[in-house]
Amino acid sequence: MSARPALGLSWPALVGLAALAAPRVALHDLDVVPEGTVVAALLAVGPPLVWVAVVLWRRPPRPFLTLVVVGALYGVLLAVGHQVFWDPSLGMDAPGLANISPGAREVLLRASAAVSSLVTGTMVGVIAGGVAVLLCRWMRPPDRRRIAG
């Protein structure tokens, strides 16, 4: 099943674009790159900028949908990354969940983190897609019929 007709890019290309943002998950979860640094900002903003650049270069028929799909794929990678790098000592101290057994609390927190990751990734795709659509319209080549007429 090819994504090329509807999304303008193959599935491997879509997954590859999403994977550009994946290193941030590990580097953030392992506290390798502290928040508020230039490197953290580049890791957060750089991949979506690359997504937009690829859409501007390749001109898929539905740029918004293309980047929403890339964002959703990123959300999946984000969710998996957070689960892989999950540290039970972090986030398990949820005062509002003190009356729940530790096992149920972990399941609830992990599920919440997964849903949050999927929503976050998809929203990054929505924002990048919106920017790409605006730029595609702004950079559209002039209509030769209007110029000649």
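**Exercise 1. Determine which residues of helix 4 meet which residues of helix 5, and describe the crossing.**

Solution. 

Step 1. On the helix 4 side, the residues are Trp51, Val52 and Val55; in helix 5 they meet Pro63, Thr66, Leu67, Val70, Gly71 and Tyr74. Contact here means heavy atoms within 4.5 Å. Helices are DSSP runs (H or I, at least four residues), as strands are (E, at least two), and they are numbered from the N terminus.

Step 2. Sort these residues by class. The contact of helix 4 with helix 5 has seven nonpolar, two polar and no charged residues. Nonpolar covers Ala, Val, Leu, Ile, Met, Phe, Trp, Tyr, Cys and Pro, charged covers Asp, Glu, Lys and Arg, and polar covers the others, Gly among them.

Step 3. Two packed helices are described by the angle between their axes and the distance between the axes. Helix 4 (residues 38–58) and helix 5 cross at roughly 145 degrees, and their axes come within 11 Å. Axes are lines fitted to C-alpha atoms, for helices over the stretch in contact, and angles run from 0 to 180 degrees between N-to-C directions.

Step 4. Assign the hand. Helix 4 and helix 5 make a right-handed crossing. A crossing is right-handed if the near helix is turned clockwise from the far one by less than a right angle, and left-handed if anticlockwise.

The model is predicted: local features need pLDDT of at least 70 and side-chain atom pairs count only at pLDDT 80 or more, while totals for chains, interfaces and linings use all residues. Residues are numbered from 1 along each chain as its sequence is written, and side-chain values use heavy atoms, with hydrogens and water left out.

**Exercise 2. Describe how helix 2 packs on helix 5.**

Solution. 

Step 1. The axes of helix 2 (residues 11–19) and helix 5 (residues 63–84) are 8 Å apart, at an angle of about 60 degrees.

Step 2. Helix 2 and helix 5 are therefore oblique to each other. In this scheme angles under 35 degrees count as roughly parallel, over 145 as roughly antiparallel, 65 to 115 as roughly perpendicular and the rest as oblique.

Step 3. Helix 2 crosses helix 5 in a right-handed sense. Helix 2 contributes Trp11, Leu14, Val15, Leu17, Ala18 and Ala19 to the contact, and helix 5 contributes Thr66, Val69, Val70, Leu73, Tyr74 and Leu77.

Step 4. By class, this contact of helix 2 with helix 5 holds 11 nonpolar residues, one polar residue and no charged ones.

**Exercise 3. Describe the packing of helix 4 against helix 6.**

Solution. 

Step 1. Helix 4 and helix 6 (residues 102–138) have axes 9 Å apart and pack at an angle of about 40 degrees. Helix 4 is therefore oblique to helix 6.

Step 2. The crossing of helix 4 and helix 6 is right-handed.

Step 3. From helix 4, Pro48, Trp51, Val52, Val55 and Leu56 take part; from helix 6, Val124, Gly125, Ala128, Val131, Ala132, Leu135 and Cys136. These residues divide into 11 nonpolar, one polar and no charged.

Step 4. Take a pair from these two helices. Ala53 lies in helix 4 and is partly exposed, with a relative accessible area of 42%. Ala53 and Leu135 are 82 residues apart in sequence, and their C-alpha atoms are 9.8 Å apart.

**Exercise 4. Locate Asp31 and Arg59 and give their phi values.**

Solution. 

Step 1. Asp31 is in the loop between helix 3 (22–29) and helix 4. Asp31 is not a glycine, yet its phi is positive, about 55 degrees. Asp31 is exposed, at 62% relative accessible area.

Step 2. Arg59 is in the loop between helix 4 and helix 5. Phi of Arg59 is also positive, near 50 degrees. Arg59 is partly exposed, at 36% relative accessible area.

**Exercise 5. Summarise the chain.**

Solution. 

Step 1. The chain has seven helices and zero strands.

Step 2. Of its 149 residues, 32% are buried.

Note on methods
Buried < 20%, exposed > 50% of the residue type's maximum accessible area, 1.4 Å probe, protein only.
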